[in-house]
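The entries follow the order in which I looked things up.

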Amino acid sequence: MHPKALLDVCAELVRLTLRFEHPADALLARFFRANRGLGPRERATLAEAVYSVLRSKLLFEHLAASGAGPGERRLAILGGPRDFLMPALNAQEKCWLAQCDAARPDDLPQALRHNLPEWLVPPLEVQLAEGFWPLVHSLAQSATLDLRVNALRDKRRAVQEELAAAGIAASPTPYSPWGLRVTGKPALGRLDALARGAIEVQDEGSQLLALLLDARRGEMVVDFCAGAGGKTLAIGASMRNTGRLYAFDLSAHRLDAMKPRLARSGLSNVHPAAIAHERDERVGRLAGKIDRVLIDAPCSGLGTLRRNPDLKWRQSAATVRELAARQASILDGAARLLKPGGRLVYATCSLLREENEAVVEAFGAAHPDFAWLDAGELLERLRVERARSLCSGGASGSAYLRLWPHLHQTDGFFAAVGVKKG
């Protein structure tokens, strides 16, 4: 496609994305399915431009005001890779873009440097203090590509060598014993390792949540908000395909997405089931019978802003309050499943205390029959390197798992580990 035509397509995609009617990744996927004539390089260029606009929306809107032509075209120019842009621009646009690129970040107002909605800034500044700006800079970058090796079928070292033979460089993740971090963003779809279920794409932080549950052979386990099953598959492998693992979710559609992954994985101990709510009859029948429960609660997703930068514009303080109430209800309902001595892991991919510590502490105050464990100590027992550096805070001397993109190069995750007293 000629660069000028590609820029026009990019401008239209920017316009559609900034309506925020659909998640950006879903919108792009649907657009690419409808325009199969676009090659891999063209798709990558369009996606890069759209995500760049979402990451730097406030700054680009400020700079775009000084240009000429349709607003979405100016935003597409600011977000687009420079090597593709130049042949598509006229002399006036090239001059304007050079002036924009010469702007010094230190001369800009704070809001144009952090590119966050104003409601989100105060809670992050309070939590992080001097770490606020390192987090901001981290969120402006794209996320790493992490893989989880299916321990039921393969060894990490063997898979790493197999990827190298296919021209894909990968190194062991620093914390997860199951993970490989891939260099760049190579296409994985045709790899035999993926087809036979040896690997799954999964952020290292998400792998650590499954590891923290520490599900054992022969146990009864529930992944309460299973979604498409990334953590479910990791838990099933850690159980060595024994026992019984229930994968609950409110969405049958999300559970359907697990089916091909489950078939590849070789697991036969997973039992997906759609539920209507946390007090569904299916849940009630298991009350007091379960050894371990993972609750990866529905949340704002702000820990995934490197991958999903549109979320910061799609969420608000009001939606976070609504989510916190929902999270508290889910935690209360799922906790009923545990037998005495059973373990509960409450987790989110949110950065905010309101969805994390506040929910856990309110639950603990209302449930004296639960005690909180030290996540750092548990991870040390599981031989996770530098486990204490992944944890902070906690009730009654315990510590929560707290992963930050700028500190740990993972998505932002929180997890608290509780045990039902006997």
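Which elements do the buried residues of α19 pack against? I kept in mind that this is a predicted model, and I found that they pack against α18 (317-335), β9 (338-348), β10 (370-373), β12 (400-403) and β13.

Entry on helix α19. I looked up the buried residues of this helix, which spans residues 357-366, and noted E357, V359, V360, F363 and G364. They cover an arc of only 165° around the axis, so they are on the same side of α19. On the other side of α19 I found A365 and A366, which are exposed.

Entry on the nonpolar cores. I then turned to the largest nonpolar core, which has 40 residues, and I listed L212, I235, L379, V384, L390 and L401 as those with the most contacts inside it. At least two residues of this core are supplied by each of α13 (204-213), α14 (230-238), β6 (244-249), α15 (252-265), β9, α20 (375-381), β12 and β13. The largest share, six residues, comes from α13. Apart from this core lies another, of 37 residues, and among them I noted A24, L28, L54 and W96.

Entry on V384. Leaving aside its neighbours within four places in sequence, I found V384 in contact with Y175, L208, L211, L379 and L390.

Entry on T45. I located T45 in helix α3, residues 40-55. Is T45 buried or exposed? Its relative accessible area is 9%, and because buried means under 20%, T45 counts as buried. Not counting residues up to four places away in sequence, T45 touches L6, P81 and F84.

Entry on backbone angles. F20, although it is not a glycine, has a positive phi of about 55°, and I placed F20 in the loop between α1 (3-17) and α2 (24-34). With a relative accessible area of 22%, F20 is partly exposed. Q409 is not a glycine either, yet has a positive phi of about 55°, and I found Q409 in the loop between α21 (405-408) and β13 (413-420). Q409 is partly exposed, with a relative accessible area of 37%.

Notes:
Residues numbered from 1 in each chain as written. Predicted model: local features only at pLDDT ≥ 70, side-chain atom pairs only at ≥ 80, totals over all residues. Heavy atoms only, no water. Helix = DSSP H or I, 4+ residues; strand = E, 2+ residues; numbered from the N terminus. Buried < 20%, exposed > 50% of the residue type's maximum accessible area, 1.4 Å probe, protein only. Arc of directions from axis to C-beta. Contact = heavy atoms within 4.5 Å. Core = buried A, V, L, I, M, F, W, Y, C linked by side-chain atoms within 4.5 Å.
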